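Subject: Handover of a structure and notes on its contents

Dear colleague,

Please find below the structure that I am handing over to you. My notes on it follow directly after.

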Amino acid sequence: MKFKDFPTNVRLRLVCGFFIRIVGSAIFPFMALYFSAELGKIAAGIIMTSFVIVGYVTGLFGGYFSDRFNRKHVLQIGQVVQILCFIGMTVAIHPSNNWALAVAVLYFGHAISNGLNYPALEAIVIDSMEESNRKAIYVYDYWLVNLAIAGGVMLGGLFYRDHRFALFVGMTLVLLITTLVLQRYLVDSYTGNRATPANPIVGVITNYRIALADRRWMLFVLGSMLVFSTEFHMANYIGVHLAETFQERTIVGVPFDGVRMMAFMQLENTLLVVAITFAVTAFVKRFREKHVFFIGLALYVTAFAAITSMSSFFVLAVLAIVFTVGELLYSPIRQVKQVDLLDPERRASYLAFGGLTFHGAKLVAATGIVVGAFIGPVFMSGYIFAFGALGGYLYYLSLYKMEATRQLAA
């Protein structure tokens, strides 16, 4: 299916999301550096950790509001708050002001507004999808996300230090334009589910209980958390390992140390995704979805586990290709299967609760540095592989075994 054949809501989400991500990727990866330089490392660590927690908790309430009321109205409120926060941050970060504490407070405001925005917009888009076009949509989304991140990080690397104010102006304008476009053209026929509790706290707790009681959904979320943790080790244990053990060498006239080696693998990943996504997707159509999913997952997990104990430039470069191919094979299928598991009456709440996937994976990966200090690189490879394999088994139970049981019972 071609892009022009997607529903209007989906095309709006893909295009607007691309521009928001490309500017956001030029700013947010560098905010820890800003807070560290202006407020100190301890304060920066507290701010960045609190930002993640606030974003997740707010997302739970955003999911509740998006299921109880008209989703477009919730999205409007979140977007207006987000624009106001970015206008404030743009003023505060101007070189003549540089009010770091004000930037931090408004940064939290952004986290709160984003928690409202994300469940509402994603639920509206999923409501617009048909089962026949979901995979094609997620392939395009996956490709555009990587393209936006690559472009954003390049922009940030070039302009963040000397032209930070201009980047914030650009982000504010992008948010303003995309908000106007979404409010003008986005269509939401969902009127809300007033059967949910009127008290937001009771409503969030109720949704939590329902999600926790949904065994297939919980296995899927836990499986995703364990699988994602294998990749998130790249920013934690793998980064430390390469910085300590990778011997500096010159490749094609370019000096490489451990940090540059990790950056090179990430660059490989992004460029390959942009270059071969559609070719790989077209090639695997002839094979059974289940086989493609688990072959891709095996490549992905095994490559990251192997990277953990390797220090050869060429071996690491090849493993980066392997985990990229694995990601291309399994990731779009995982996203389609996730939609199948969502309760239609609590779609936004399920999506918000599913944010545990990323936050839990970051926590698991963060412990890798401590564990690695005791068991060494080789055993650390086994440690990471075990997490990924367990995640794959939970996927099997949730997506295939329990589904087969359900169909037999029906």
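The notes below cover a helix packing, ring interactions, a backbone angle and the setting of one threonine.

Please bear in mind throughout that this is a predicted model.

Helix packing. Helix α2, which spans residues 31-39, packs with helix α5, which spans residues 100-128. The angle between the two is about 145 degrees, and their axes lie 10 Å apart. Their crossing is left-handed. On the α2 side, the contact is made by Met31, Tyr34, Phe35, Glu38 and Leu39, and on the α5 side by Ala100, Leu101, Val103, Ala104 and Tyr107. Sorted by class, the residues in this contact comprise nine nonpolar and one charged, with no polar residue.

Across the whole structure, a search returns 27 aromatic pairs. One of them joins phenylalanine 86 and phenylalanine 168, whose ring centres are 6.1 Å apart. The planes of these two rings make an angle of 35 degrees, and the pair is classed as tilted. Phenylalanine 86 belongs to helix α4 (residues 71-92) and phenylalanine 168 to helix α7 (residues 164-185), so the pair ties together parts that are 82 residues apart in sequence. Both partners are buried: phenylalanine 86 has a relative accessible area of 0%, and phenylalanine 168 has one of 1%.

A ring also takes part in an interaction with a charge. The charged end of arginine 249 sits over the ring of phenylalanine 246, at 4.5 Å from the ring centre.

Backbone angle. Asparagine 98 is located in the loop between α4 and α5. Its phi is near 50 degrees, which is a positive value in a residue other than glycine. With a relative accessible area of 28%, asparagine 98 is partly exposed.

Setting of threonine 357. This residue is part of helix α15, which covers residues 356-366. Is threonine 357 buried or exposed? Threonine 357 counts as buried because its relative accessible area, 5%, is under the 20% cut-off. Leaving aside residues up to four places away in sequence, threonine 357 touches Val221, Ser224, Met225 and Phe228. Between threonine 357 and leucine 84 there is a separation of 273 residues in sequence, and their C-alpha atoms are 29 Å apart in space.

Yours sincerely,

A colleague

Notes:
Residues are numbered from 1 along each chain as its sequence is written. This is a predicted model: local features need pLDDT of at least 70, side-chain atom pairs count only at pLDDT 80 or more; totals for chains, interfaces and linings use all residues. Side-chain values use heavy atoms; hydrogens and water are left out. Axes are lines fitted to C-alpha atoms, for helices over the stretch in contact, and angles run from 0 to 180 degrees between N-to-C directions. Helices (H or I, at least four residues) and strands (E, at least two) are DSSP runs, numbered from the N terminus. A crossing is left-handed if the near helix is turned anticlockwise from the far one by less than a right angle, and right-handed if clockwise. Contact means heavy atoms within 4.5 Å. Ala, Val, Leu, Ile, Met, Phe, Trp, Tyr, Cys and Pro count as nonpolar, Asp, Glu, Lys and Arg as charged, and the others, Gly among them, as polar. Rings of Phe, Tyr and Trp (its six-membered ring) pair if their centres lie within 6.5 Å; planes under 30 degrees apart count as stacked, over 60 as edge-to-face and the rest as tilted. Buried means under 20% relative accessible area, exposed over 50%, partly exposed in between (1.4 Å probe, protein chains only). A charge sits over a ring if NZ of Lys or CZ of Arg is within 6 Å of the ring centre and within 35 degrees of the ring normal.
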